[in-house]
Amino acid sequence: KIVTLGIAAEEAVSHWFGVQSESRSLGGPDGGSDLDLPGFGKVQVKGSTFNDPERLHLLLEVEHSSGMESVFLVWVNRDDPSDVALVGWITRADAVNFPTRRMKDGGPLNYTIPADALIPFRPGVLVDQFIVSMEGNGCS
């Protein structure tokens with residue numbers, strides 16, 4: 001299920017930006033970045049299935065955060081992975097200034113960045129209204 005989430009998120013970003021997806025999620029570690037995008041540099045794509053803005057956070061593992069320049073958060077519908085929305089992004093330099101926490105005992109230490117701290121992909125789209133149709137922008 002996590003692999004599907006990661007692939008759906010990465011495919012959505014690839015489609016939005018019109019680049020070939022590397023989809024290395026199936027092949028294990030990807031060296032810290034999923035895509036190389038002009039203007040964003042090496043990008044790590046993170047997916048989430050939480051549709052409550054209070055619970056929607058970008059989680060960036062401290063241990064694996066050095067191989068990227070930007071991090072994108074993509075919401076993926078857990079019942080239909082083809083239903084996605086690009087929530088926002090943040091530079092790695094800004095992400096590492098957020099608090100860290102473990103989501104479960106023994107789990108990895110994560111920078112925990114609330115969705116409303118991210119830069120939206122489209123100006124004027126409020127984070128609490130992120131589940132919007134991406135129709136016309138290449139994502140649906």
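Phe72 counts as buried because its relative accessibility is 0%, where buried means under 20% relative accessible area, exposed over 50% and partly exposed in between (1.4 Å probe, protein chains only). The model is predicted: local features need pLDDT of at least 70, side-chain atom pairs count only at pLDDT 80 or more, and totals for chains, interfaces and linings use all residues. Residues are numbered from 1 along each chain as its sequence is written, and side-chain values use heavy atoms, with hydrogens and water left out.

**Aromatic pairs**

- Rings of Phe, Tyr and Trp (its six-membered ring) pair if their centres lie within 6.5 Å; planes under 30 degrees apart count as stacked, over 60 as edge-to-face and the rest as tilted.
- Six aromatic pairs are counted by this rule.
- Phe40 and Trp89 form an edge-to-face pair, because their ring centres are 4.8 Å apart and their planes stand at 90°.
- This pair joins distant parts of the chain, with Phe40 in the loop between strand 1 (35–37) and strand 2 (41–48) and Trp89 in strand 5 (residues 80–91), 49 residues apart.
- Phe40 and Trp89 are both buried.
- Phe72 and Phe121 are also edge-to-face, because their centres lie 5.0 Å apart with planes at 75°.
- Phe121 is buried, at a relative accessible area of 15%.
- A cluster linked by ring pairs comprises Phe17, Phe40, Phe72, Trp89 and Phe121.

**Strand 3**

- Strands are DSSP runs (E, at least two residues), numbered from the N terminus.
- Strand 3 (residues 57–61) has Leu58 and Leu60 on its covered face, and His57, Leu59 and Glu61 on the uncovered one.
- Strand 3 pairs with strand 7 (residues 109–114) in the antiparallel sense over five bridges, pairing being defined by at least two DSSP bridges between two strands.
- His57 has Pro114 of strand 7 as its bridge partner.

Notes: Helices (H or I, at least four residues) and strands (E, at least two) are DSSP runs, numbered from the N terminus.
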